[in-house]
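Reader: Before the discussion begins, please display the model under review. The questions will then follow in turn.

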Amino acid sequence: MTKRTIAVCVICGVFGVTGVVLLANGCAPSRPELVKVASIPDGEYDPAEWGKAYPLEYESWAKTKEPRPTGKSKYKPGLDTDKIVYDKLSEFPFMALLFHGWGFGVEYNEPQGHWYMRIDQDIIDQSRTKAGGVCLNCKSPYMDALVKEHGPGFYSMPWQEAVAKIPAKHKDLGAACIDCHDNRTMDLKINRAAFSKGLAKLGKKEFTRQEMRTLVCAQCHVTYNVPKDQNMKSLGVDHPYDGSTWGTITIENIIAVIKRTPAYKEWTQAVTGLKVGFLRHPEFEFFTRASVHWNAGLSCADCHMPYQKAGANKISNHNLMSPLKDDLRACVKCHPQGAERLKRQVIETQDRTVSLLLRAGYGTATAAKLIELANAAPRQGKTVDQGLYAQAVDFYLEALYRVIFIGAENSLGFHNPMEAGRILGDAIAFSAKSEALLRQLLAAAGVTVPANIMLDLTKYINNRGTHRKNFRKEFEFADPFGIQERILPRAARGI
Ligand code: HEC
Ligand code: HEC
Ligand code: HEC
Ligand code: HEC
């Protein structure tokens, strides 16, 4: 019974050369005008209540519960109709070695629909929720209210206890209307204090509507650190943006911040014994770093929430998913070349990224095994050059953080293809330099190092956690260009 007038999408111009219909900078599709049929009280979390005023968006939002079509996306299977849970450590086995020592090395799955974000935390190996209440930051709309109610101790509250503080009716509720909207105006709004604090570091205070169509997503689709006290208790959520500005959050700055902040060293990498930080799903940082689409004025919503018909009306699709699984409906609004060709272009970009990621990942894993050897040398009475060792470790960390960054970014390079190539190229160079220095110091110490370093992946990838997860060969992404096996023979991987 909702009545509204629908405005037509404003298209600002046409790019002759590429044939791209262009949205000029800051010119978002005009928004369907709303006729409110009910008012939403302040502090209303229940999407069903919002749904009384906006039934079409509510219905579309609730569809994030539905499985996605199988086989449409090459690299981002999620909760698809095949009902298989896709294991990232089997897709990229080097990650099992690098993340060995904490939750991400035990169980790490491909993302699925927004409906499941809170529920998935109960299902996953509980080593992943060890950080405590802080894990609710990107999962429950109640996060800030809970911190207000229970004080900063909520961040480190044992996980089960923290979840029990969410009102029972909404214990399993993921991203809700109130996460992205103002209840009175329906304008887009940021609901996470942690992200507002991060944004403040970028030195920009006013945001256009088009920028907000990215920022509501960036509340969660960003990298962050969980600072720890001396007892490794979680103190909150920080974004490593010091030294960065709007549109230039560089990987270099992010790494520099993590390296110089002891509180961000959240875990100890088992193979190397190093205390290190982590990077999470950096969609916002990666996309806004001068990507072609960001420079052309696009937002996350342009590709993930295209306008669609709902009965006689037109709404923003609230069933957020991979554009490939949605038959590239969002893309063809601007790109006349057609869905099939665009899909090929997406996959070609991802193939190249995957090839480089394998090179960088296995190069870094190789350096990690050499650090393990160097750490063992003194116990065998051998002397290791500490200066060279420190340099090798430093280069190793530069490679490791870049590999984690691109591995955690959810588009396999598509959001910013050139930047993916640049970051992985540097990761390969840093890991190669680290390997060279480690070989040199090991040789000088009298340790014999074989041409191919054995990675022993079986040790890290099988029998993981309470679910006893094993390597699933059918999930593995092989190098689409066959280069990786020439550099590191399969036999050396140990799976
Ligand atoms: C993850 C963030 C997010 C969530 C959650 C969300 N929305 Fe939206 N919503 C958006 C964005 C982005 C737009 C586009 C706004 C614009 O272009 O200004 C939008 C637009 C709308 C509009 C304007 C009309 C339209 O369709 O474009 C309505 C009404 C709306 N949402 C209702 C809801 C309701 C009801 C819920 C909960 C059931 C909800 N939204 C949940 C992000 C969200
Ligand atoms: C409150 C935090 C939060 C917000 C806000 C949010 N996301 Fe998500 N998003 C998540 C989490 C967490 C997952 C993974 C859920 C899981 O696997 O259980 C996810 C998954 C996804 C997926 C994968 C869906 C699938 O079917 O596999 C897409 C695409 C996505 N988000 C895009 C967006 C976009 C675009 C926006 C902004 C309009 C947005 N998200 C806003 C937290 C959020
Ligand atoms: C120009 C279009 C475009 C823009 C803009 C865009 N994305 Fe994407 N996104 C894609 C494509 C294409 C993929 C790859 C999907 C695949 O491989 O199945 C993707 C993948 C994803 C995924 C993984 C989906 C899955 O099924 O696992 C998430 C999450 C995501 N994007 C979030 C975002 C966020 C957040 C933003 C803004 C910071 C954003 N995207 C901006 C096109 C876009
Ligand atoms: C709102 C309009 C718009 C939408 C939606 C859009 N694009 Fe684009 N796309 C552009 C513009 C503008 C350019 C830049 C053209 C130029 O500068 O030559 C571009 C460039 C590209 C390029 C070449 C540059 C690169 O980064 O590789 C590809 C490929 C591409 N788009 C694919 C997609 C896909 C796939 C989707 C959907 C997931 C999509 N686009 C959605 C407007 C859009």
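Author: Axes here are lines fitted to C-alpha atoms, for helices over the stretch in contact, and angles run from 0 to 180 degrees between N-to-C directions. The model is predicted.

Reader: At roughly what angle do the axes of helix α16 and helix α17 cross?

Author: Two packed helices are described by the angle between their axes and the distance between the axes. Helix α16 covers residues 339-376 and helix α17 covers residues 386-408. Their axes come within 9 Å, and the crossing angle is roughly 145 degrees.

Reader: Which handedness does the crossing of α16 and α17 have, left-handed or right-handed?

Author: The residues that meet include Gly361, Gly363 and Ala367 in α16 and Tyr396, Ala399 and Val403 in α17. By class, the residues of this contact are twelve nonpolar, four polar and one charged. As α16 passes α17, the crossing is left-handed.

Reader: Is lysine 343 buried, partly exposed or exposed?

Author: Lysine 343 lies in helix α16. Beyond its neighbours within four places in sequence, lysine 343 is in contact with Leu324 and Leu328. A residue counts as buried with 20 or more other C-beta atoms within 10 Å, and as exposed with 12 or fewer. Because lysine 343 has 18 such atoms within 10 Å, its class is partly exposed.

Reader: How far apart in space are lysine 343 and alanine 360, C-alpha to C-alpha?

Author: Alanine 360 is one of the α16 residues that meet α17. In sequence, lysine 343 and alanine 360 are 17 residues apart. In space, their C-alpha to C-alpha separation is 26 Å.

Reader: Which residues are the closest to ligand 1?

Author: The shell around ligand 1 has 18 nonpolar, four polar and five charged residues. The elements that give two or more residues to this shell are α1, α2, α8, α10 and β6. Of the 27 residues that surround ligand 1, the closest are Glu57, Cys177, Cys180, Ile315 and Ser316.

Reader: Which element gives the most to the shell around ligand 2?

Author: Ligand 2 is surrounded by 25 residues, the closest being Gly78, Pro111, Cys217, Cys220 and His304. By class, the shell divides into 13 nonpolar, eight polar and four charged residues. At least two residues each come from α10 and α14. The element that gives the most, with three residues, is α14.

Reader: Within what arc do the buried residues of α9 fall?

Author: The buried residues of helix α9 are Ala194, Phe195, Gly198 and Leu199. What covers them includes α10. Seen down the axis of α9, the buried residues line one face of the helix, because they fall within an arc of 135 degrees.

Note on methods. Residues numbered from 1 in each chain as written. Chains lettered and ligands numbered in written order. Predicted model: local features only at pLDDT ≥ 70, side-chain atom pairs only at ≥ 80, totals over all residues. Helix = DSSP H or I, 4+ residues; strand = E, 2+ residues; numbered from the N terminus. Left-handed = near helix turned anticlockwise from the far one by under 90°. Contact = placed C-beta atoms within 7 Å. Nonpolar A, V, L, I, M, F, W, Y, C, P; charged D, E, K, R; others polar. Near = placed C-beta within 6 Å. Arc of directions from axis to C-beta.
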